[in-house]
Amino acid sequence: MDRWQTIIEPFRIHAVEPIRLTTEAERERALEAAGWNLFNLHADDVLIDLLTDSGTGAMSRDQWAAIQHGDESYAGSPSWYVFLEAVQELFPFRHVIPTHQGRAAEKILFTAVGGPGRIVPNNTHFDTTRANVEFTGAEALDLVIPEGRQPALIHPFKGNMDVAALERLLTERGDLVPIVVVTITNNSGGGQPVSLENLRAVRAVCDRFAKPLFLDGCRFAENAWFIKQREPGQQDRPVVDIVREIGSLADGMTMSAKKDALVNIGGWLALNDDGLAEQCRNLLILTEGFPTYGGLAGRDLEAMAQGLREVVDEDYLRYRIRSTAYLGDALVQAGIPCVQPFGGHAVYLDARALLAHIPPLEYPGQSLAVELYRAGGIRGVEIGTVMFGLHPDGTETEAPMDLVRLAIPRRTYTQSHIDYVIEVARDVVSRASSLRGYRIVRQPAQLRHFTATFEPLG
Ligand SMILES: Cc1ncc(COP(=O)(O)O)c(C=O)c1O
């Protein structure tokens, strides 16, 4: 395969979904109506939607077939057992608790283990994870290695946790730490993987301080592929084996199945601790549903089970990771500084570096994201000061980085769609110095990036 440069999508298109071309004038009107928040757009007005890789992928023929097997019994559905077996095949945790998506698993877990005065360390909390930790009154602490905070620096595992910093935290304030979390891959840090070596070291520290280790496992298969490609001694190992070792190092996980279970909705919380599992199931019943379906239909459980079998296919993972790097390479050639190396599910454009004339508190990431949409109908997302700059006490500071993430939905766009994205990005770069910042007109107290409205400055 490696003799050929062309990236072959390892599938044929079986059902087509039309996308609508729009004019620049139409997009300008849509932006104004949306308060310059790309989350507020009507998705029909988006040509290439790279807002997220979450729940936006295409399901396979076999997943649609599995949906027909869905059994909607309230309790003990056969679909639940199919799902349970598929999860435990990869992650043999004693308790698996289905939820409607990742944040529901987070809400349940942190309601059980969080609370005022507590500290939850993570390599980097994803926004919903941070919000769920902070909502309980606990502190969400990011302990990624220093290399993970430098967008241009090349390092094979920039998602790694700073083990020495974790050790210091546990030595000095360990009694306040209920669990340690590692996010694979590290989405908010650029979709960067975590090495097996790092996970083993974190495990050893957790053992020493008797702390449970949880994975935020959304992109476990992509992370395992990076391990196979980049970690010495892992090249000849099947990805599925690497996944199992990752799981064996943890005491539990939260999962958004909308990523590496290749479905449009779903998730789970899995763990070994019987007492904590009971507490979590009680919380599950309050908001999600009975423990054998969580917030899902039986058919969703079947689709997840099939997705879990497909996502560890190495032809799929090779195509997936290579096609993300194809976009990244072209954007760098076009003169856009990007987080390097490229993440698994997305390319992260360094808007702060590209738009150095826009101060962080005027949201350079927002400016770049809006312009990609205005010029070409491409929707990305700001991951920077808009997303992370507002604190629970109402103060605002600049985020460590101002990025725009172009996330690639799984098995959805072809290489020519991506070539179009590259062409539009080149055009935006050529006008970068004329882009302006934004001011926020209205915002909620939490997760403001979803609903805030903006106004262009100048
Ligand atoms: C690392 C990470 N954790 C948690 C979540 C939350 O998952 P969900 O959107 O299914 O609630 C996401 C979603 O993007 C994520 O990327």
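This is a predicted model: local features need pLDDT of at least 70, side-chain atom pairs count only at pLDDT 80 or more; totals for chains, interfaces and linings use all residues.
A residue is near a molecule or strand if one of its heavy atoms lies within 4 Å of it. Residues are numbered from 1 along each chain as its sequence is written, and side-chain values use heavy atoms, with hydrogens and water left out.

## Ligand shell

The ligand has 15 residues around it, and those that come nearest are Arg103, Asn187, Asp216, Ser256 and Lys259. By class, the shell holds six charged, seven polar and two nonpolar residues. In this scheme Asp, Glu, Lys and Arg are charged; Ala, Val, Leu, Ile, Met, Phe, Trp, Tyr, Cys and Pro are nonpolar; and the others, Gly among them, are polar. Helix α4 (residues 102-113) supplies the largest share of the shell, three residues. Helices (H or I, at least four residues) are DSSP runs, numbered from the N terminus.

## Polar contacts and burial of the ligand

A polar contact is a pair of N or O atoms within 3.5 Å; within protein, one must be able to donate a hydrogen and the other to accept it, and residues adjacent in sequence count only if both atoms are side-chain atoms. Asn187 places a side-chain N or O atom 2.8 Å from a ligand oxygen. Lys259 has a polar side-chain atom 2.8 Å from an oxygen of the ligand, and for Arg219 the corresponding distance is 2.9 Å. The protein buries 97% of the 390 Å² that the ligand exposes when taken alone. Accessible areas come from the Shrake-Rupley method with a 1.4 Å probe; for residues, only the protein chains shown count as cover.

Arg320 is buried at 2% relative accessible area, and Glu222 is buried at 0%. Buried means under 20% relative accessible area, exposed over 50%, and partly exposed in between (1.4 Å probe, protein chains only).

Lys228 and Glu314 also form a salt bridge, at 3.3 Å from N to O. With Lys228 in helix α8 and Glu314 in helix α12, the pair ties together parts 86 residues apart in sequence. Lys228 is buried at 13%, whereas Glu314 is partly exposed at 23%.

## Other salt bridges

Salt bridges with shared partners link Glu24, Glu28, Glu371, Arg374, Asp427 and Arg431 into one network.

Within helix α5 (residues 127-135), Arg130 and Glu134 are four residues apart, about one helical turn. Their side chains meet in a salt bridge with an N to O distance of 3.3 Å. Arg130 is buried at 18% relative accessibility, while Glu134 is partly exposed at 29%.

## Cysteines

The structure has zero disulfides, a disulfide being a pair of cysteine sulfur atoms within 2.5 Å. For Cys218, the closest cysteine sulfur is that of Cys280, 17 Å away and too far for a bond. Cys218 is buried at 11% relative accessibility. Cys338 is buried as well, at 5%.

How values were computed:
A salt bridge is a side-chain nitrogen of Lys or Arg within 4 Å of a carboxyl oxygen of Asp or Glu. Helices (H or I, at least four residues) and strands (E, at least two) are DSSP runs, numbered from the N terminus.
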